[in-house]
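Subject: Structure handover

Hello,

Here is the structure you asked to look at. Please open it first, then read my notes below.

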Amino acid sequence: MTHALNSALIAIANLVDHPANVRAKSTEDLSPENLSDLIGTLPVLGLLQPLLVQEIDGKYGVLAGRRRCAALKLLASDKTQKGFNSKTKIDCRIVPADCDLTTAMSLAENVTQKQMGAIDEFEAFARMMEVDEQTPETIATIFGTTVAAVKGRLRYGLVHPDIREAARAKSITLDVMKAFADHPSQDVQKEVFDALIKDDGYIQAYTVRSALKSRGIQVSDAAGAFVREEYEARGGTVAADLLEEHSVLEDNALVETIMTEQLLAAAESKRDELGFSWADAVIRYDYGDMADFGRVYPSPIEPDEDGQKRLTAIDTELEKLATEMEDESIDDETYNALSDRVDALETEASDLQEAYSSEDQGRAGVIASWNGRDITLHIGMVRPEDKPGATPSADATNGGTDEQDTDEIVYPASLSADLKTERAMALGAAMTMSPEATLDLTLFKLVSDVICSRTVTRAVSVDARKQYRSHAKMDDIDATSLEQFAAAQDELDMTWADDAKSPAEQFKIFRGLDQAEKAKLVAFATASTTESCFARSRNIDSLMHDFEIEVMPNIRDHWTPNAALFNRFKKAWLLKILNEELGLTQEALTLASSSKKDIVAFCDKLFAEPFATLTDAQRDAVATWCPPMLQTTGGYAPERLTAPESAPEAVSEAA
């Protein structure tokens, strides 16, 4: 049965909820934030669609228009809002009291309205600006949204008409249409569109974006920001976009010219600083092309008196900074500033303890390249013609090829010293857990040192002097090896070690111990003498090289990376490890915009308890990862440790 609906003006105060409204029990949030679109449009455009109401006990229950009614009541309660109060009358359509289809009417009001298509919405925003002469700011005010959101819709509404029609006809997807907005010029959009559809293939959004990149670079791109000031000073053309960050530098040739010049200036500055003989620049560093280059590294030097004083001062300041960074109440800006200061101090400390030889300075140089984010300096490069008769294999041993070269991760002297300590502790724990092997090692060394009149290894001091190991952050490192070592100590049979007895009496009791108990005692004592060390070279110390592999094939059984380590890494290193070494590419991309403090916390949790969402490959990578010089069987080339290296450094640490 149909009913005639009469129109009437009803005061906002007389509007109430109707039990037959199909949204009456909805949990939809009717807060001002979620009604901002209506709160913005109602004062400007008025109520475009009347409310559907029915009289209930002298009031009018809203059958359809629950959100509109909520927005009106909020406006009426806002004393600063002109034109709205509880007595303001609203256009309504009244359902008769005897109507038996109230629920059906409420449902029809909601389900028969078709959602506006995305393209139609984009075009409507564009028409408001082009035809109605509205600005993004006024449109944002009307619809209760942000200017940035309006500009985003406007950009899509201003994509070339042919491309919009293709999206409306579903010959391309909406995402593909949006991708064309990456370039503000409709002419460029149309040229790229025509070129892509000629192939009569499926067009994808990334294909569009790749093609548009050849027509210019956005000012928000790292390279665009890098050259923009000089680009505009030289009169380079800029295609302006509604959103400034999407404006495009159209002259790619000029962009590359300026970038090359600025890269070369950075390389020349570093060359002059280090006393090298040449400098060069390449925008894209090709590791294949550089395979024939060699590389030189600084050698350890003994600082003079002033240098030693400065090193002492640096150590003191580093300890102070480390304490300040542990304060969880500091904000990200302060934390990042402290982290930058730590990096600068550790670089200064390395410079005081390392230097290039005059021979290396005379043949080596610096190459600057663009890594997609900022400048990378490849330091100490030696051209093929300048190498002193080196063979490819020799170059590989000396770091000449870049296959194993890490352009970003550099282990400063202070961090290297502490990592050596942590590895020695892990090795000691492993030795106590392999008493038979350690007993054999100890006896063999004693016998060989005496009978053969030569030292088979200097890695253990079996003259009964315990090694006291220093570490900048001993209280914060992973305690696994310490706990294992302590557990081994608790299991020792110390019945013989009674200070009240003479050495002869102690020895008599000692000789009566079980052979396995003796092995544990010897292993523990020998483990306590191990020196702080990195993985050893077979060529330099074949005995300890093979022994360490036997008792500690995986250092991760005795040591786990934690925040104490990650805090000493640069943000760029952490992202590189997550992306390239752990396979967590998406996580690295997501964290790139986070503070270093947040990334450290993420890494700490990741290694403490690997996430259930990891793939098998990612889980294996997390379970085995450690700095390369720590892992016994990690393929690291310890020979490099005899000449501390200065890996390529970045001008900034943007990730």
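How many disulfides does the structure hold? The count is 0. Keep in mind that this is a predicted model. Take Cys 92 as an example. The closest cysteine sulfur to that of Cys 92 sits in Cys 69, at 8.3 Å. A disulfide needs two cysteine sulfur atoms within 2.5 Å, so 8.3 Å is too far for a bond. Cys 92 is also buried, at 0% relative accessible area. Cys 626 is buried too, with a value of 8%.

Salt bridges

Now the charged side chains. A salt bridge here puts a side-chain nitrogen of Lys or Arg within 4 Å of a carboxyl oxygen of Asp or Glu. By that rule there are 20 salt bridges. Here are some of them.

Start with Glu 165 and Arg 168. Their side chains meet in a salt bridge, with 2.9 Å from N to O. Why can they meet? Both belong to helix α7, which covers residues 161-168, and they are 3 residues apart, so about one helical turn separates them. An α-helix has 3.6 residues a turn, so residues three or four places apart point the same way. Glu 165 is partly exposed, at 45% relative accessibility. Arg 168 is partly exposed as well, at 33%.

Next, look at Arg 284 and Glu 256. They form a salt bridge, and their closest N and O atoms are 3.2 Å apart. Arg 284 is in the loop between β9 (278-281) and β10 (294-295), while Glu 256 is in helix α12 (residues 252-274), so this pair ties together parts that are 28 residues apart in sequence. Arg 284 counts as exposed, with 61% relative accessibility. Glu 256 counts as partly exposed, with 37%.

Stay with helix α12 for another pair. Glu 273 forms a salt bridge with Lys 270, and the closest N and O atoms are 3.3 Å apart. Both residues lie in α12, 3 residues apart, which is about one turn of the helix. Lys 270 is buried, at 11%.

Some salt bridges share partners. In this way Asp 162, Lys 190 and Asp 194 are joined into one network.

Surface patches

Two patches deserve a look. Asp 331 is in the loop between α13 (305-325) and α14 (332-353). Asp 331 is partly exposed, with 44% relative accessibility.

The other patch is nonpolar. Val 44, Leu 45 and Leu 48 form it on the surface, and together they have about 320 Å² of accessible area. Leu 45 lies in helix α1.

Helix α1

Which residues of α1 are buried? Leu 38, Gly 40, Thr 41 and Leu 42 are buried in this helix, which covers residues 36-45. Gly 46 follows α1, and its phi is positive, near 80°.

Best wishes

Key: Residues numbered from 1 in each chain as written. Predicted model: local features only at pLDDT ≥ 70, side-chain atom pairs only at ≥ 80, totals over all residues. Heavy atoms only, no water. Helix = DSSP H or I, 4+ residues; strand = E, 2+ residues; numbered from the N terminus. Buried < 20%, exposed > 50% of the residue type's maximum accessible area, 1.4 Å probe, protein only. Patch = residues over 30% accessible without salt bridge, like charges linked within 9 Å, V, L, I, M, F, W, Y side chains within 5 Å. Areas by Shrake-Rupley, 256 points an atom, 1.4 Å probe, with all protein chains shown as cover.
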